[in-house]
Amino acid sequence: MPKSPQSHLDPRQPLVVDTTKLPRQPGATRALNRVVPAPADLGLELISVPEGSDLTVDATLTSVSEGVYVSGTVSGSLTGECGRCLNEIDNPFEVSIAELFAYEDSTTEETTDEDEVGRMSGDLLDLEPVVRDAIVLTLPANPLCRPDCPGLCPECGVHFDELPADHSHEEVDARWAALRNLSKNEE
């Protein structure tokens, strides 16, 4: 994720934060509490945060000597389908965020790579990359509807929970079918 300076951040965007009311004195803090619509493509193939659904950002902005340190949580809901049985998943989530956003022209620019630290654009900072990373990196590649999901029978496609305990499919190799018939005739 590139965190290079974004010279034209739009303060009307839901995850762009204006820090003008946060004094540039180390230790000064401001609370950030807002509910924003989830951006597009926030997830993986089988599970994601629905675009436009509510994301609750509950964070603290702390002024430090090199910039603004943002820490807190983001919560919302995930939807998708189970990787074993294809049942629908609809679960709440909460992830932690923590990121330093360096002031423009701070010594941080000289001592760090572009992608190590977030960069501010004037008094604005963009939380979307931080929120996106925090959510997507915690999502399972193969989500389950429940930890003990038995999945589907590979032969008939019925959920194992709906089948009797002795459910099985008898596969007989065609080359041995004649011998099987012999044993039935003897009985």
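**Exercise 1.** In this predicted model, find which residues of helix 2 are buried.

*Solution.* Start by applying the cut-off: a residue counts as buried under 20% relative accessible area. In helix 2, the residues that pass are P129, V130, V131, A134 and I135. Now recall a general point: an α-helix has 3.6 residues a turn, so residues three or four places apart point the same way. With that in mind, have a look at the spacing of the buried positions yourself.

**Exercise 2.** Work out which strands the buried residues of helix 2 pack against.

*Solution.* Take contact as heavy atoms within 4.5 Å. The partners are then strand 3 (42-43), strand 4, strand 5, strand 6, strand 7 and strand 9 (124-126).

**Exercise 3.** Describe the largest nonpolar core and say which elements build it.

*Solution.* First, the size: this core has 35 residues. Then, the elements: two or more residues each come from strand 2 (29-37), strand 4 (47-49), strand 5 (54-64), strand 6 (67-81), strand 7 (88-102) and helix 2 (128-136). Finally, strand 7 gives the largest share, five residues.

**Exercise 4.** Pick V70 and list what it touches, leaving out residues up to four places away in sequence.

*Solution.* Going up the numbering, V70 meets A59, T60 and L61, then I97, A98, E99 and F101, and lastly L125 and L127.

Definitions and conventions
Residues are numbered from 1 along each chain as its sequence is written. This is a predicted model: local features need pLDDT of at least 70, side-chain atom pairs count only at pLDDT 80 or more; totals for chains, interfaces and linings use all residues. Side-chain values use heavy atoms; hydrogens and water are left out. A nonpolar core is a set of buried Ala, Val, Leu, Ile, Met, Phe, Trp, Tyr and Cys residues joined through side-chain atoms within 4.5 Å. Buried means under 20% relative accessible area, exposed over 50%, partly exposed in between (1.4 Å probe, protein chains only). Helices (H or I, at least four residues) and strands (E, at least two) are DSSP runs, numbered from the N terminus.
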